[in-house]
Amino acid sequence: LIFKESINNMIKYSNATKCNCNFIQTRNQFILQISDNGNGFSETQIGSGNGLINIRLRAQDMNGEVLIETTPGKGTVINIHLPFPLQYN
């Protein structure tokens, strides 16, 4: 659901022409990285939706964290770091 919500937000809001999705598994961590070349955004000016909130809550439920790098006009990179094997609260 984290991946689905991230892609949905990118398609709906970013006006991106490129998207990269990377799945990285190490000995003790799973990393999902989604980046685009779209509009970017200011996290203080996001709409009333729950997309980013839900992404963060789902990651927390799995003892993970979400790092978002975005700048208006510069695109967005979302990194979701989860412990491996996955652990749920």
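This report walks through the fold of one protein chain, from its overall plan down to single residues.

**Overall plan**

The model is predicted. The protein chain has two helices and four strands. Along the sequence they follow the pattern α-β-β-α-β-β. For 89 residues, a compact globule would have a radius of gyration near 12 Å; the protein chain has 13 Å, which agrees. Its C-alpha atoms fill a box of roughly 35 × 25 × 20 Å along the principal axes. Buried residues account for 34% of the 89 residues. Take the contacts between residues at least 6 apart in sequence: 56% of them join residues at least 24 apart.

**The sheet**

The four strands form an open sheet in the order E1-E2-E4-E3, with antiparallel pairing. Strand E1 (19–25) and strand E3 (65–70) stand at the edges. Each has a single partner strand, so one side of each is left without a neighbour in the sheet. From one strand to the next, the twist averages 10 degrees. Strands of a sheet pair through backbone hydrogen bonds, either parallel or antiparallel.

Strand E4 (residues 76–83) runs antiparallel to E3, and six bridges join the two. Eight bridges join E4 to E2, again in antiparallel fashion.

| Residue | Opposite residue in E4 |
|---|---|
| Gln33 | Asn79 |
| Val66 | Ile80 |
| Glu65 | His81 |

How much of E4 is buried? Seven of its eight residues are, so E4 is largely enclosed by the rest of the structure. The hairpin of E3 and E4 has five residues between the strands. In this hairpin, Gly73 takes a positive phi near 85 degrees.

**The helices**

Which strands does helix H1 lie across? Helix H1 (residues 2–14) lies across E1, strand E2 (29–36) and E4. H1 runs at about 10 degrees to E2. Helix H2 (residues 51–61) also packs on the sheet, where it touches E3 and E4. The direction of H2 makes about 145 degrees with that of E3.

**The nonpolar core**

The largest nonpolar core holds 14 residues. Which of them touch the most other members? They are Ile2, Ala59, Val66 and Ile80. H1, E2, H2, E3 and E4 each supply at least two residues of this core.

Ile2 shows how parts of the chain meet. Leaving out residues up to four places away in sequence, Ile2 touches Leu32, Ile55, Arg58, Ala59, Met62 and Ile80.

**A closer look at Ser14**

Ser14 is found in helix H1. Is Ser14 buried or exposed? At 7% relative accessibility, Ser14 counts as buried, because the cut-off for buried is under 20%.

The side chain of Ser14 has polar partners. It reaches the backbone oxygen of Met10 at 2.7 Å. Setting aside neighbours within four places in sequence, Ser14 is in contact with Asn9, Asp36, Gly38 and Asn39. One of these, Asp36, belongs to the stretch 29–36 of strand E2.

Conventions. Residues are numbered from 1 along each chain as its sequence is written. This is a predicted model: local features need pLDDT of at least 70, side-chain atom pairs count only at pLDDT 80 or more; totals for chains, interfaces and linings use all residues. Side-chain values use heavy atoms; hydrogens and water are left out. Two strands pair if DSSP finds at least two bridges between them. Axes are lines fitted to C-alpha atoms, for helices over the stretch in contact, and angles run from 0 to 180 degrees between N-to-C directions. Contact means heavy atoms within 4.5 Å. Buried means under 20% relative accessible area, exposed over 50%, partly exposed in between (1.4 Å probe, protein chains only). A polar contact is a pair of N or O atoms within 3.5 Å; within protein, one must be able to donate a hydrogen and the other to accept it, and residues adjacent in sequence count only if both atoms are side-chain atoms. A nonpolar core is a set of buried Ala, Val, Leu, Ile, Met, Phe, Trp, Tyr and Cys residues joined through side-chain atoms within 4.5 Å. The radius of gyration is taken over C-alpha atoms; the globule rule is 2.2 Å times the number of residues to the power 0.38.
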